[in-house]
Amino acid sequence: MIDFVSGLEVVPSLDTIEEEVRAGLPTHRPRLDAARANADFYKLRNLAYIERREGEDVADYDRRPKRTSKLTKKAVDTLTGYLYSPGPTRDFEAPPAVAGLLRTVYEQNHINTVMHKADAYATVNDVAMLQLVGTGDPARPARLYVWGSEAFVPFFGDGNPLVPWAVCTITVITRGGKKRRKYEVWSAKERRVYTTKPVDWTYSFATAGGLRAEYRPDLSTWVDQGGEWSKGANPYGCLPFAFVFNRLPVDDFWDSGIGTALRQANAEVDRELSDLAEHVQWFLNPRIKARNVSANFRMKDRPGAPIHLTPRVAEENGGAPPDLEYMQATLAVEETWYNIEKFANLTFYELDVPLSAVRDDTDGPSSGLQVHAEQGPLLQYTRNRQPEFGVYENCVARMVARAVGGFHGAPAVVAAADAVEVALGWVAPAPADAGPARDESDAFELEQGLSSPVEVLARRRGISREAAREAAEQIKDDKDFWRTLFGVAPTGGEDVRSRPGRGEGRGEGLEGDEARGEEGAMTPSGAASDGAESKS
């Protein structure tokens, strides 16, 4: 297993990278620029990326209609929509105090939401980073934040391209209409803060204007548990970061994100949409060509009123009659829109984003079986990523234990951190369709022992396995209450507990009492009990 927060025998001094940080990270500028553009398209800030045409001045550019597509956000949200919705169950193999700490931090920080966001950011830009910030409050010991890779730079030692020994985060501080860039640099031993002078500039994470950052010792201090100030010390005793990748890295930290490909396709769609909007504008407001009209002529066009033309050269002096002519363009909306749609569909297809998941039109799939067939690549994509996220979740759990233990002065927690293991129980992903095809699929899985009633209930309601168990208990209580009042099953038929074997009615597989024989034994068909979980 790769552990991105430990295992470094030697931690260099931050002095070795200080000049790179003070200069504004120029070595990393190309990657940061591309990552910022990708993130902007995902966050629907792509209007600013429609370029000015050659020979177009600022006023012409501002007047020209511009349209943008949400292609990047739609694709990323579709690809990441199933993995942490509802998210896995977690069993922590750790001492009780450490397991309790992890459950508290995870619950207070809504860990499934945090991991879902990290998954989306990693899909856009290769890698996302989780940062832990200690609070000093034992009841709420830590907060977790997610960084996109456009806002941090890792530093690597010789011969180790996967495990950074230092990390620099990048933020922009705005005060009084002025902005300054802030660099916060961490190693396992040190923390330093650098800021530029406040200036008026366009929001950007890339280096700009040759501004240099200065070390701020007043911002680089902490108060330790004894109430003493420690200048430049790392209060956690480790890098308080963990990383989530689009694909588990083998030989390169930056690899496999699809954000650049999506952004480039999105930019092309934006250009064509803007051209189409301008084309429609000129069709609705065509240009007027004037012949032999006085330069002082001003047209006052009112419905039903004649237009009086003043000739530039009178006819008796050899001039042609004055004339106005509308230059009406041929409307080609359908052809242009067809080209845009085909290009967008090709992009989705090549990135394994099923069209049935991103489109909403009358030509969509006609049956549940067709939905399953079209979303097959998406579901397989989600299943393939579950084992990889088991690696990331273990790294996150160990980082949380180390960092919280170090920050709160709990050496026993730090000592146990390296042995923490997280066993994940995933709900099998399934398309969010309804109808006979889904009913038949669920019934088949139950009959063949491929799913438990609890797993089917979780999948249908979009909830976690633990929530599904609570829902199943509530269903049982409701049925018992109904039988107490009326003496029959809630469906109005005979009491299902009196029938031998499994009923044949669709949907009866959701009843836990039917799925088991006496004492919770499995039925002859091999259906799994409610407690069965798949672990990764």
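Strands β4 and β5 pair in the antiparallel sense over 5 bridges, where two strands count as paired if DSSP finds at least two bridges between them. Strands here are DSSP runs of E with at least two residues, helices are runs of H or I with at least four, and both are numbered from the N terminus. Within this pairing, F155 sits opposite A166 in β5. β4 is also mostly covered, with 4 of its 5 residues buried; buried means under 20% relative accessible area, exposed means over 50%, and partly exposed is in between, using a 1.4 Å probe and protein chains only.

All of this comes from a predicted model, in which local features need pLDDT of at least 70, side-chain atom pairs count only at pLDDT 80 or more, and totals for chains, interfaces and linings use all residues. Residues are numbered from 1 along each chain as its sequence is written, and side-chain values use heavy atoms, with hydrogens and water left out.

The β4-β5 pair belongs to an open sheet of 5 strands in the order β4-β5-β6-β7-β8, with antiparallel pairing. Its edges are β4 (152-156) and β8 (214-215), each of which pairs on one side only. Further in, β5 (residues 164-175) meets β6 (residues 178-187) over 10 bridges, again in the antiparallel sense. There, T169 stands opposite E184 of β6.

Another antiparallel pair is made by β2 (residues 127-137) and β3 (residues 140-148), joined over 8 bridges. These two strands form a hairpin, and 2 residues lie between them. G134 has A142 in β3 as its bridge partner.

Zooming out, the protein chain has 15 helices and 14 strands. It runs to 536 residues, 43% of which count as buried.

How confident is the predictor? The mean pLDDT of the protein chain is 78, and 75% of its residues reach 70 or more; pLDDT is the predictor's confidence in each residue, on a scale from 0 to 100. Residues 203-208 fall below 50, and this stretch has 23 contacts in the model beyond near neighbours in sequence. Residues 492-536 are also below 50, with 73 such contacts in the model.

Next, the empty space. Rolling a probe the size of a water molecule over the atoms shows where such space is left. On a 1 Å grid over the protein atoms alone, a cavity is a set of points where a 1.4 Å probe fits but cannot get out, and lining residues have an atom within 4 Å of a point. Grid points are joined across faces, edges and corners, and a volume is the space filled by probe spheres set on the points. Searching the whole structure turns up 1 cavity of 30 Å³ or more. The largest cavity holds about 50 Å³ of space. Its lining consists of A39, Y42, K43, Y121, V124, N125, G148, S149 and E150. The elements giving two or more residues to this lining are α2 (29-42) and α6 (111-125), and α6 gives the most, with 3 residues. By class, the lining has 4 nonpolar, 3 polar and 2 charged residues; Ala, Val, Leu, Ile, Met, Phe, Trp, Tyr, Cys and Pro count as nonpolar, Asp, Glu, Lys and Arg as charged, and the others, Gly among them, as polar.

Most residues other than glycine have a negative phi, and most peptide bonds are trans. L25, however, has a positive phi near 60°. L25 lies in the loop between α1 (18-22) and α2, and counts as buried because its relative accessible area is 0%. H110 also has a positive phi, near 50°, and is found in the loop between α5 (96-108) and α6. With a relative accessible area of 55%, H110 is exposed. The peptide bond from S85 to P86 is cis, with omega near 15°, and P86 sits in the loop between α4 (71-79) and β1 (89-93).

One more loop residue is A428, placed between β14 (421-425) and α12 (436-447). A428 has 28% relative accessibility, so it counts as partly exposed. Leaving aside neighbours within four places in sequence, A428 is in contact with E455 and R459. The C-alpha atoms of A428 and S451 are 8.8 Å apart, with 23 residues separating the two along the chain.

Key: On a 1 Å grid over the protein atoms alone, a cavity is a set of points where a 1.4 Å probe fits but cannot get out, and a pocket is an open set with protein on both sides within 12 Å along at least five of seven lines; lining residues have an atom within 4 Å of a point. Contact means heavy atoms within 4.5 Å.
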